[in-house]
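Here's a quick briefing to read alongside the model. Have a look at the strands first, then at the rings.

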Amino acid sequence: MSRLSPGVHWFSPTLPIHVFDAAEPGPVALIQAGIHGDEVAGVHALQELLEEQIRPTRGRLIVVPIMNPPAYRARQRCAPGGLDLNRCFPGDADAPERERRLARRFMDLVLAERPALMATLHESHKRYHPDVRPSFGQTLVYGVEPMPAIIGRTIDRLNERIAGDDERWAPQYYPVATSSTEVIVDATGCVGICVETWMGLPEARRIELQRLVVELLLDDLGVRPMA
């Protein structure tokens with residue numbers, strides 16, 4: 001698969017890939033949400049940013065607002081009767097399962113694009129506590145050591161903007177070899193981050209926090225400075 005031209009590309013009739021190039025060269029950032037259909041804040045955050053015409057000032061920005069449209073429509077982790085797309089990577093173009101075919105196509109995309117950063121927007125029912133494993137809410141999750149420096153910087157900037165302790169962010173090292181993020185990191189060497197908001201917060205606030213994480217990551221990477 002070759003690199004995508006700027007514009008909107010369709011992996012299926014309901015799965016758009018938005019590609020934006022800046023005039024100035026720079027890194028590639030790939031942001032996706034909705035790989036689990038019941039985790040909606042990231043989907044809405046990316047849709048809002050697209051509606052506001054988010055654009056890179058350096059490099060390339062690729063946005064996938066809904067990775068798994070059938071699961072999102074059902075508001076379920078997986079599509080009815082389907083597989084967990086997040087556990088189907090690197091995928092198989094000839095597999096009978098839709099999720100494995102989609103995973104292979106997305107894997108080919110990241111191999112062609114070689115992003116410097118891939119962030120996947122998730123949500124968690126459990127608020128993070130270091131003594132409770134697994135618990136993910138309000139964390140930036142990574143699976144390689146040492147921790148990528150962008151995570152620490154972003155955590156610090158996030159915690160300068162929180163409204164209370166329930167919103168406080170933490171980094172979390174939690175390797176899962178079968179997750180889409182780790183498979184992609186292993187294949188490309190990019191920084192891979194799973195952004196996890198806590199579902200105990202109001203949905204509107206979770207959307208705001210997901211937007212903020214995306215904006216801070218793109219700012220740190222130099223793809224799009226914050227206003």
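Trp10 stands opposite Pro16 in β2. This is a predicted model, where local features need pLDDT of at least 70, side-chain atom pairs count only at pLDDT 80 or more, and totals for chains, interfaces and linings use all residues. Residues are numbered from 1 along each chain as its sequence is written, and side-chain values use heavy atoms, leaving out hydrogens and water.

**The hairpin**
- Strands β1 (residues 7–12) and β2 (residues 15–21) run antiparallel and are joined by five bridges; strands pair if DSSP finds at least two bridges between them.
- β1 and β2 make a hairpin with two residues between them. Strands (E, at least two residues) and helices (H or I, at least four) are DSSP runs, numbered from the N terminus.

**Aromatic pairs**
- The whole structure holds three aromatic pairs, meaning rings of Phe, Tyr or Trp (its six-membered ring) with centres within 6.5 Å; planes under 30 degrees apart are stacked, over 60 edge-to-face and the rest tilted.
- Phe89 and Phe106 are edge-to-face, because their ring planes sit at 85°, with centres 6.2 Å apart.
- Phe89 is in the loop between α2 (69–74) and α3 (98–113) and Phe106 is in helix α3, so this pair ties together parts 17 residues apart in sequence.
- Phe106 is buried at 0% relative accessible area; buried means under 20%, exposed over 50%, and partly exposed in between (1.4 Å probe, protein chains only).
- Tyr142 and Tyr173 are tilted, since their planes are at 45°, with centres 5.6 Å apart.

**A charge over a ring**
- Arg75 lies over the face of Tyr72, 4.1 Å from the ring centre; this needs NZ of Lys or CZ of Arg within 6 Å of the centre and within 35 degrees of the ring normal.
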